[in-house]
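The structure is shown first.

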Amino acid sequence: MTTNTIKTLTTVLMAVLITSTYAQDVPDFINPEDLKNVDCKCLEKKVKYSKNEQRYIDILWEESLKYLEAYAVALTTSPEGSKCINSDEATYETVDGFKKMCVMDRRDMQLLVKHIYQILANPDEAKRCFAAREDVDWIYSPGGELEAKSEVAQWLKRTTFKDFFETKVTDAEVKAYGKTFTDNFYEMVTADAVKTPPNFPYDVSARSLPNLWASVGWFPMYAEESERNKRNFDNVRGGYAYAEILGHWGLLRIDEINGEKVGAEVGMVVQSVNTLYPYHNHAISELYYTMRKPACVNQFKTFAVRENNKHVTTVSESQNERVIQFDASAPNEHAMWASSAYDRDPLVYFHENTIHAFEVDGDCESSPEESALVTVWARSDAHERANDYGTTKLCECADKPNTPAVRGKKIQCQLTKLKY
C-alpha cells in the first residue's frame, strides 16, 4: 500500500468518525461536502523535521487535535434544560441582569466550528500548517514539573518562565509575583479542582493532555514594561499567561480553508487568584470556558457591558476611536458581576468592543499561591485585519488617566471603531 493511499484512507476514516460519532452535535449549517478534500493555505511554509523530531511533533499534533475536537463538540452541544439547539449557552452581558444567548447563533461561531471540523476531517492537509514554533522567542515553557513530565517540552527547550521573569522583567514587584506564578504553575493547572466543563466529551486539562499544556508555548503578555501596563496591576502582570493552539500566533497557523479566511484562535489561559484582570476591551469577539471548581461561592466573577448599553457614555470620538466612560460606583455595582464554575454557567462570550473584566477571589483558598482560574480561551474573528487583530486595550481610571481602573470608580475606555 502506498503512502498516498494510506493518507487518503486516514482522511476518509477521520471524516467518517467525526460525522458518525458527533453527528448529533454538528449543526445543520455544516455541509458534509465541505468536510471533504479541503485546501488549507498556511500562514508560513511547512517546517521540515527529522525522523526523531517528527515523533515529538506527532505527539503534540495529536493532543492539539483532541483539544480542538472537544472544544467544537462542547460549543455545539445543548446543556440540559437549555432552549438552545445544537448550541451551548453563553453569558454575554452582566450589568442589567445576566443576559444569555445560544452561542452558535453567531455567524463568527459557526465559522469557527466549521473550520475546526474541516481540520479534523482533513488532518494531513491541516498538519502542513502545524509547527512547534521552537524558533519563536516570545513564547515560553512553564518549566518545572510540567516540563519534566513532558518529553515534547524537554525536546523543545523553550526559554522557561523562570528565565523570562529573571531576564526580561525589570519591575521588582512583577518579578516577585512572576516567581510565585512560575513555582506553582504545575499545581495551578493539574490540581483536582481543575475540571473540564460537562459539555466537553472528555477531559482536556493538563492531566489528560500533558504534552500540549507543557509545550504549546505560553506568553505572559503583561509582564514586560509597556505604556499599556501603566493601567495594569502588578499581581496580574506577574500572574497571568495564555497559550494559543490554533490561530495566527499559535501552533496551527491557517490563513484560509477553501479560500475562506480563518479567524479562529483557540487556546488556554491561567490567571492567579487574588487578582482583578482590569477592565478592558478589544475589537475581536472572545470566549472563555471556566475550568475550575470554586473554593467558595462567587469565587470567579465576570463583568461585561456592551458598547451600546445605556450605562455607557461617549466622552469623545475620532475617525478610528470612541472614548467612553462607565460609572462603576453605583450602589448595586456588586450585582453587575456574574459568577461561574466549571459546572455552572461556565461559558462567557464577549461581542466586539464589550468592556469586560475578571476578578478571582483567593481568600477562600487553603493554598492561594497554588491556585488559579484556568480557562479554555478563544477568539473568533482574528482575520479582521482592519481591526488590528483586536489588540487588548486596558481601561483607565477616569479621574486619574493612565492608572488602573478599579471597582467602585468611574472607568474610561478607548473603543475601536470597527471597519469591514
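## The largest cavity

In this predicted model, the largest cavity is lined by Y288, T290, F300, K301, T302, S340, P346, V348, F358, L373 and T375. The space inside the largest cavity amounts to about 90 Å³. In total, the structure contains four cavities of 30 Å³ or more.

Three strands, β10 (286-290), β11 (300-305) and β17 (372-379), each contribute at least two residues to the lining of the largest cavity. Of the elements involved, β11 gives the largest share, with three residues. By residue class, the lining of the largest cavity comprises six nonpolar, four polar and one charged residue.

## The second largest cavity

In the lining of the second largest cavity, eight residues are nonpolar, two are polar and two are charged.

D399 lies in the loop between β19 (396-397) and β20 (400-404). With a relative accessible area of 64%, D399 is exposed, because the threshold for that class is over 50%.

F300 is one of the residues lining the largest cavity. D399 and F300 are separated by 99 residues in sequence and by 28 Å in space, C-alpha to C-alpha.

Key. Residues are numbered from 1 along each chain as its sequence is written. This is a predicted model: local features need pLDDT of at least 70, side-chain atom pairs count only at pLDDT 80 or more; totals for chains, interfaces and linings use all residues. Side-chain values use heavy atoms; hydrogens and water are left out. Helices (H or I, at least four residues) and strands (E, at least two) are DSSP runs, numbered from the N terminus. Buried means under 20% relative accessible area, exposed over 50%, partly exposed in between (1.4 Å probe, protein chains only). On a 1 Å grid over the protein atoms alone, a cavity is a set of points where a 1.4 Å probe fits but cannot get out, and a pocket is an open set with protein on both sides within 12 Å along at least five of seven lines; lining residues have an atom within 4 Å of a point. Grid points are joined across faces, edges and corners, and a volume is the space filled by probe spheres set on the points. Ala, Val, Leu, Ile, Met, Phe, Trp, Tyr, Cys and Pro count as nonpolar, Asp, Glu, Lys and Arg as charged, and the others, Gly among them, as polar.
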